[in-house]
Amino acid sequence: IFCSNENFDKIEYDDLFRGTDADIYIPLWASVIVNPDGLLFDETTLDVIKTYKANGYSCIDMEGNPEDYIGQLFRFVSYMASSLVKHKDDDRAKTLVAFFEAYLEPVADFVKEKVKEYGKSSSMLEIADFLDRFLKKDYSFGTYDAFPDVIENILQLVRNRSDVVIHHDS
C-alpha cells in the first residue's frame, strides 16, 4: 500500500510481515510492543478496544488480526481525525492525541526500525521511509497530503497539555 513499486518481493513481504522467516520477528500489535511482557491480547488490547468503543469506532477484519494491529490503529486515527474535521470536540481531540502517542507512535516506530534492519528491497525500505516521515510529521507523500494537516493541527492543539491521558476503566 505504501510502495510505489507494484512488483515488490512477496516473499520478502511475507518474511517481514507474516512471519514466514523464523529469523525475522516484527510484531505488528500494540500489546506486544507497548507492554514490556510482550504478550498478545493483554490489557493493552483491552484498552485499545475500550477506546474504540467509547468513540463509536467499529473494527473491520484485517486478516484475523486482533484489534491492536497496526492497520487498525492507523484506521482508528484516521477515523478520529475525520470526525474532528466535521465536529470540533476537545475531548475527542485529547483522546486522539493520547491514543496516537500511546499506541500508534510506538508501534510505527518499532516496525520502522525492524523493516530498516531486515528489509532488503527498495520497496521494503520505502515502507520504512514512509513510517519514518510519518513519525517526523513529514507528510509530503502523494495522496496522503491532506491528512497531515489535520493530524498535525490536532496534535498541536493538545500535545503540550498535561491532562492528555487515556482513561483505563477497570
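1. **Ground rules.** Because this is a predicted model, please keep in mind that local features need pLDDT of at least 70 and side-chain atom pairs count only at pLDDT 80 or more, while totals for chains, interfaces and linings use all residues. Residues are numbered from 1 along each chain as its sequence is written, and side-chain values use heavy atoms, with hydrogens and water left out.

2. **Overall make-up.** The chain has 7 helices and 0 strands. Read from the N terminus, its elements run α-α-α-α-α-α-α. Both kinds of element are DSSP runs numbered from the N terminus: helices are H or I with at least four residues, and strands are E with at least two. Of the 170 residues, 44% count as buried; here buried means under 20% relative accessible area, exposed means over 50%, and partly exposed lies in between, with a 1.4 Å probe and protein chains only. Among contacts between residues at least 6 apart in sequence, 59% join residues at least 24 apart, where contact means heavy atoms within 4.5 Å.

3. **The core.** The largest nonpolar core holds 39 residues, and F17, L73, F99 and V111 touch the most other members. A nonpolar core is a set of buried Ala, Val, Leu, Ile, Met, Phe, Trp, Tyr and Cys residues joined through side-chain atoms within 4.5 Å. At least two residues of this core come from each of α1 (10-17), α2 (30-34), α3, α4 (70-86), α5 and α6 (122-135). Helix α5 gives the largest share, 10 residues. As background, nonpolar side chains in soluble globular proteins tend to be buried together.

4. **Helices α3 and α5.** Helix α3 (residues 43-54) packs with helix α5 (residues 90-118) at an angle of about 155°, with the axes 12 Å apart. That makes α3 roughly antiparallel to α5. On this scale, angles under 35 degrees are roughly parallel, over 145 roughly antiparallel, 65 to 115 roughly perpendicular, and the rest oblique. The axes are lines fitted to C-alpha atoms, for helices over the stretch in contact, and angles run from 0 to 180 degrees between N-to-C directions. The crossing of α3 and α5 is left-handed, a term used if the near helix is turned anticlockwise from the far one by less than a right angle; clockwise would be right-handed. On the α3 side T44, D47, V48, T51 and Y52 take part, and they meet T95, F99 and Y103 in α5. By class, this contact has 4 nonpolar, 3 polar and 1 charged residues. Ala, Val, Leu, Ile, Met, Phe, Trp, Tyr, Cys and Pro count as nonpolar, Asp, Glu, Lys and Arg as charged, and the others, Gly among them, as polar.

5. **Helices α5 and α6.** The axes of α5 and α6 come within 9 Å and cross at roughly 145°, and this crossing is left-handed. From α5, the residues F100, L104, E105, A108, D109, V111, K112, V115 and K116 meet M124, L125, A128, L131, D132, F134 and L135 in α6. The class count for α5 with α6 is 11 nonpolar, no polar and 5 charged residues.

6. **The loop between α3 and α4.** C59 sits in this loop and, at 34% relative accessibility, is partly exposed. Leaving out residues up to four places away in sequence, C59 touches Y52, E67, Q72 and R75. C59 and F76 are 17 residues apart in sequence, with 8.2 Å between their C-alpha atoms. S58 belongs to the loop between α3 and α4 as well and is exposed at 53% relative accessibility. The C-alpha atoms of S58 and Q72, 14 residues apart along the chain, are 9.8 Å apart.

7. **Backbone angles to look at.** E63, in the loop between α3 and α4, has a positive phi of about 55° although it is not a glycine. E63 is exposed, at 59% relative accessibility. F41, in the loop between α2 and α3, has a phi near 60°, again positive in a residue other than glycine. With a relative accessible area of 56%, F41 is exposed.

8. **L46.** L46 lies in helix α3 and is partly exposed at 35% relative accessibility. L46 and S31 are 15 residues apart in sequence and 9.0 Å apart from C-alpha to C-alpha.
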